[in-house]
Amino acid sequence: MNAQATISILAEIPEELHESLKRYLERHPDWDQDRVFVAALSLFLLQNGECDRRTARVYLDSLFKRF
């Protein structure tokens, strides 16, 4: 796998969403917050017109734990 540069971002999310995320991560220890955010953001971009192969690759890598 190629090393990818990463950028750190700070995002505010509703408390309810944070609680749901915490519950999900407790039940799925192979996932972490960063992996969830990468998967969610890349899927959002793909579904909303950002049909870049690199975005698709990031999404697939996050799903199959190659992140």
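Reply: Of the chain's 67 residues, 16% count as buried. Buried means under 20% relative accessible area, exposed over 50%, and partly exposed in between (1.4 Å probe, protein chains only). The model is predicted: local features need pLDDT of at least 70, side-chain atom pairs count only at pLDDT 80 or more, and totals for chains, interfaces and linings use all residues. Residues are numbered from 1 along each chain as its sequence is written, and side-chain values use heavy atoms, with hydrogens and water left out.

Me: Why is T55 called buried?

Reply: Its relative accessible area is 14%. The limit is under 20%, so T55 is buried. T55 sits in helix α3.

Me: What makes L43 partly exposed?

Reply: L43 has 29% relative accessibility. L43 belongs to helix α2. From L43 to T55 the C-alpha distance is 8.3 Å, at a sequence separation of twelve residues.

Me: What does T55 contact beyond its neighbours within four places in sequence?

Reply: S42, L45, L46 and E50. Contact means heavy atoms within 4.5 Å.

Me: How many helices and strands does the chain have?

Reply: Three helices and zero strands. Both are DSSP runs, numbered from the N terminus: helices are H or I with at least four residues, strands are E with at least two. The order along the sequence is α-α-α.

Me: How do you know that the span of α2 agrees with its 15 residues?

Reply: The expected span is 1.5 Å times one less than the number of residues. For α2 that gives 21 Å, and the end C-alpha atoms are 21 Å apart, so the two agree.

Me: Which residues of α2 are buried, and why are they said to line one face?

Reply: R35, V36, V38, A39 and S42 are buried. Down the axis of α2, they fall within an arc of 165 degrees, so they line one face. The arc is that of the directions from the helix axis to the C-beta atoms. These buried residues pack against α1 (15-27) and α3.

Me: How do α2 and α3 meet?

Reply: The axes of α2 (residues 33-47) and α3 (residues 53-63) come within 9 Å and cross at roughly 145 degrees. Axes are lines fitted to C-alpha atoms, for helices over the stretch in contact; angles run from 0 to 180 degrees between N-to-C directions. Among the residues that meet are V38 and L46 in α2, and Y59 and L63 in α3.
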